[in-house]
Every structure is written in C-alpha cells, then in structure tokens.
Amino acid sequence: MSNTSMLIYNARLVDRDTDCFGSVYIANGKINAMYPGLSIEKAREAVSKKKSEEQDSDFEEIDAQGAALLPSFIDLHAHFRDPGHTHKEDLLSASRAAAAGGYGTVVLMANTAPVISDTAASQAVQARVREIGLIEAFQAVSLTRNFDGKDTMALNDLDSSVVPIATEDGKEVESSSVMLEAMKSCAKRGVIVSCHCEDPDLAHSAQRFRKSALESQNAEEVFENLAKAEKILRLAEDLMTERNLSLAAAAGCHVHIAHISTKGSLSAVRRAKKTPNLLSRVTCEVTPHHLVLTDAVPAIVNPPLRNESDRDALISGLIDGTIDAIATDHAPHTAEDKASGAPGFSGIQTAFSACYTTLVCTGKIGLSKLSALMSANPATILGINTGLLQEGYPADLVLVNLTKTFTVKTEDDSSWYSKGKNTLLSDVVLSGLITATFKAGRKVYPFPDWNPTA
C-alpha cells in the first residue's frame, strides 16, 4: 500500500457511471475523495482539510491536462506463458505490457507447462506476479488435471476468492459428462467456468485447411483454405456454445463464454440470458481483434476472424448488453511458432487504444460504455471491488490522452514490452495514448527512462 497521497486534477473523470471534469484525491492506496466539477482551488481546500488528518504521508499533485482518468482495465483472459513457455512471454514482460496497456488486474489461463491444475500452483503464480508489483493476477486452474479430460477432483478444493475461474482454455473438455461434473463442482464453490467453445473433432478436421494455407504461396489459395477452415470452426464454436450453456443450466453454475465470435453463438447467449434458470449466471466476452478485424485479413487465431456481418453483430451485442466484457486473449508467440501456425495475437498493450479507435472514435459506443466493458463489468464478474471511480475503491487508475495518436511499433523495445511481436496492428496508427497507470495509488507506468508523451 502506498504511503503517498496525491491529487489528480484537471482530469476528465470517466467510468461506467461518470463522465465529467474534476479531481480525485488518493490516500493510503485508495480513492479517498472525488471532486467532480469542482475547481482546482476548491479541491485543494477540501484536500487540505483531509491531509491535516493524515500522518507520515508525502503529497503530490498531478495536472492531468484534460486527459481522461479511468479505472484501470481488468482482463478476464490472458496467456502469460509462465511457467514453461518463457521464451514466448514471462511474468515480468507480460506485467510490463499489461501496465503499459492500462491494466491493473488480469486472469491468467492455465495452459502452461506444467498445466496449472490446483490451488497451490495457482497461488505460486499469483505470488510471483504480486512480487513484480505492477499488476494483480488471478491464476485460473484447469477443469481437468493436466488437461487430461477426465480428472476433476482438484476442483473440490477451490476457494473462489483465491481462484475465481476454472477453464480448459486452449482446448475444450470433450466429454459432456466430465464437463457436467466439473460444472457441478464449480457451482458448489462459486467458481466461474470459462468455456473455450470449440468442438475438438471439428477443430481437428479444420487443421488440414490451415496447414494448406500456411504452405501455399498463392494468395487466392490462402484465402480459400482459411475460408474452408473458418466454416468448420464456426460450426465447432456454435455447437459447443449451445452444449456448454445447456450443461451450465443443468449444473446451476456461472458459465462464462470466452472469445465469442459468431452470430450463432451470440444468439445462443442472448437466449440463455433470458432463460429463468440461467438468468444472471451467463456472461461472455469478446476480444479486441474480433471487434477490429475481419476475415479479410489472412491470419490464424482461435476462434478465427469472422466476416463483417459477424463483427457488426458483436458490436450490437456490446451495445445491447449481451456481451459483458472485452478481454484480450493475449497470446504471445515467437516468430517461428507463428510461421508454423500457432494461433493468436499479442494484444494486451494495444487493447484499449484499438477499441477506443474502432468503437468510440467512430461513435458506435461512448467512453463510459467502453470503461464498463473493460473495467466495471469484469470486476463484477470476478466479484472484486474495483473498476469504478468510487470513494473507498483501490486507486487502480489509468490516464489516457484521448487526442493523441501513436503508431504501434512492436520492434521498438522502448515502447513494446511483450516478448510476442505477433500482432496485426504493427505500424497501425491508433488513438488514445496511455500516459500513466497507477496501482494502489503508486505510479507503475511509465517505466524509468521512457516518457510516452515525449
């Protein structure tokens, strides 16, 4: 907890419920007071009275210069690759990328080596992230031990306050009876089941088309093979989304549909949210890349990039509340792995700016809605008291220069922190530059020797 108190003034205060100019006073790592609409002089007077009650606290004033001050972002879905794949990413590099992207809390997937399958392994990762000190992390555990598709016994020992999410992300639990057993165990303990909805047999059958696309030197053949794979993988997603929603209804568990990407799956979630025995126990997320890109870009990711009508449907799902959160599915890879067909993008550092540019700057949603999707809603799903600009909440905050554009430069180690350079946004100009990130009232970004506003 920070022993520094600070006043951030001349800021546009934005969260799910707020959009106005004002100041925020931070003390003891928390938001001590909000001063919406108050002049800096009046805010200083109010802070002066509060400071007289404090002891042994340094004080700092930060002029936001009109930048937006938002709750830091919460990512429900990220792959930090540690342990076991640290040549792709490690906890330090990923924490730096997350802080530079404005994130304060992340949920890490379990497909590491070894697979994170129990509470002890989860806590070990969380402790290492906490020691780095840039962000907080919840390490998800696998639904079956070591992804064996059979053994769910470790779920019986979970405490949802320590491990709020269990998931087989990266693959699917093939057996419906095993998945039902896992969901029942999680329901008893208040643990969310996050589902990577993809029929394994269909996914396997799509691989030959992806392989052909990778091997082809002809652009037309590349698109043709990727389109064939996408058609199969669309069915794979839609089938498993329906199955997992049905199993969740039978188990009485909170099911979270990860990286939703098709109109069909979205419709299934929309129906489920209106079903009495599933009401309030179904949530879902969408990735920035499925909101920003379409299958007009030849790329390999799971689930695949879809067509423009799917993208439009996903944006409509954000607007009408069917989709609860934007989650990055940050998936760093080496260049060699990408060349061999490894799916996914490194996206935690660009997620906010990509969504702000695509959704807010075009008038599709407002900034408060984007804040809800990236902060308040994920916090509600996880059951943590953060994600809002509210007195008593942790001072996990991010300053964003909304008028500043920047070019994504993945090869510049002074401005790109993930080991994974695999992003389709390299050399793309985005709006909304993250200028500072605060964790419990302590500035954790920018890092030393680099000023992103210079």
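Mentor: We'll go through a sheet, the cavities and a salt bridge.

Trainee: What should I know before I start?
Mentor: This is a predicted model, where local features need pLDDT of at least 70, side-chain atom pairs count only at pLDDT 80 or more, and totals for chains, interfaces and linings use all residues. Residues are numbered from 1 along each chain as its sequence is written, and side-chain values use heavy atoms, with hydrogens and water left out.

Trainee: In what order do the strands of the open sheet run?
Mentor: The order is E9-E10-E11-E12-E13, 5 strands with parallel pairing. Strands (E, at least two residues) and helices (H or I, at least four) are DSSP runs, numbered from the N terminus. Two strands pair if DSSP finds at least two bridges between them.

Trainee: Which strands stand at the edges?
Mentor: E9 (165–167) and E13 (325–326) do. Each has a single partner strand, so one side of each is left without a neighbour in the sheet.

Trainee: How many bridges join E10 and E11?
Mentor: There are 3, between residues 192–195 and residues 255–257. Cys195 has Ile257 in E11 as its bridge partner.

Trainee: Which strands does helix H4 lie across?
Mentor: H4, residues 176–189, lies across E9, E10 and E11. It runs at about 145° to E10. That angle is between N-to-C directions, on a scale from 0 to 180 degrees, with axes fitted to C-alpha atoms, for helices over the stretch in contact. Contact means heavy atoms within 4.5 Å.

Trainee: New topic. How many cavities are there?
Mentor: The count is 2 cavities of 30 Å³ or more. A cavity is a set of points on a 1 Å grid over the protein atoms alone where a 1.4 Å probe fits but cannot get out; lining residues have an atom within 4 Å of a point.

Trainee: What lines the largest cavity?
Mentor: It has 15 lining residues, with Pro288, His289, Gly347, Thr350 and Leu425 nearest the centre. H8 gives the largest share, 3 residues. The space is about 160 Å³, a volume filled by probe spheres set on the points.

Trainee: And which residues lie nearest the centre of the second largest cavity?
Mentor: Cys197, Glu198, Glu237, His259 and Pro303, out of 13 lining residues. This cavity holds about 70 Å³. Helix H6, residues 219–251, supplies the largest share of its lining, 3 residues.

Trainee: Last one. Which residue forms a salt bridge with Asp90?
Mentor: Lys419 does, with the closest N and O atoms 2.8 Å apart. The pair ties together parts that are 329 residues apart in sequence, because each residue sits in its own loop: Lys419 between E14 and E15, Asp90 between E6 and H2. A salt bridge puts a side-chain nitrogen of Lys or Arg within 4 Å of a carboxyl oxygen of Asp or Glu. The count comes to 23.

Note on methods
1 Å grid on protein atoms, 1.4 Å probe; cavity = no way out; pocket = protein on both sides within 12 Å on 5 of 7 lines; lining within 4 Å.
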